[in-house]
Amino acid sequence: MMKARVTVTLKNGVLDPQGKAIEGSLGSLGFEGVEGIRQGKVFDLELADRTDAQAKADIEAMCEQLLANTVIENYSIELL
């Protein structure tokens, strides 16, 4: 069994209202000086028997088709 982690984040220049809300909430909780929070999502996957190359190709296809909106999001893949 192979494990992988996909991290999806908004591209630079894309408005992140959830990140701004988190930034404001942290400030109201007394955490001063926190700026530029960007929110994202993480997917942990377990994949049955594959080589590293096959796993990466399959995960890239998953990201392109479902896990990420590649118009506004970037993704990175880490094989664990």
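A: Start with pairing: two strands pair if DSSP finds at least two bridges between them. Helices (H or I, at least four residues) and strands (E, at least two) are DSSP runs, numbered from the N terminus. Here β1 and β2 pair over 8 bridges, in the antiparallel sense. This is a predicted model, where local features need pLDDT of at least 70, side-chain atom pairs count only at pLDDT 80 or more, and totals for chains, interfaces and linings use all residues. Residues are numbered from 1 along each chain as its sequence is written, and side-chain values use heavy atoms, with hydrogens and water left out.

Q: How many helices and strands does the chain have?
A: The chain has 2 helices and 3 strands. Along the sequence they follow the pattern β-α-β-α-β.

Q: In what order do the strands lie in the sheet?
A: The order is β2-β1-β3, in an open sheet with antiparallel pairing. The edge strands, β2 (40-47) and β3 (73-79), each pair on one side only. From one strand to the next, the twist averages 20°. Angles run from 0 to 180 degrees between N-to-C directions, and axes are lines fitted to C-alpha atoms, for helices over the stretch in contact.

Q: Which residues stand opposite each other in bridges to β3?
A: Strand β1 (residues 2-10) is joined to β3 by 7 bridges. Thr 9 stands opposite Asn 74. Arg 5 has Glu 78 as its bridge partner. On the β2 side, Val 8 has Lys 41 as its bridge partner.

Q: Which side chains of β1 are buried?
A: Buried means under 20% relative accessible area, exposed over 50%, and partly exposed in between (1.4 Å probe, protein chains only). Side chains alternate along β1. Met 2, Ala 4, Val 6, Val 8 and Leu 10 point to one face and are buried. Over the whole chain, buried residues make up 20% of the 80 residues.

Q: What does Leu 67 touch?
A: Contact means heavy atoms within 4.5 Å. Leaving out residues up to four places away in sequence, Leu 67 touches Val 8, Lys 41, Phe 43, Met 62 and Glu 73. Helix α2 (residues 52-67) lies across β1, β2 and β3, at about 155° to β3.

Q: How far does helix α1 reach?
A: The expected span of a helix is 1.5 Å times one less than its number of residues. Helix α1 (residues 17-28) has 12 residues and reaches 17 Å from its first C-alpha to its last, close to the expected 16 Å. Just after α1, Gly 30 takes a positive phi of about 100°.

Q: Why does Glu 23 count as buried?
A: Glu 23 sits in helix α1. Glu 23 counts as buried because its relative accessibility is 17%.
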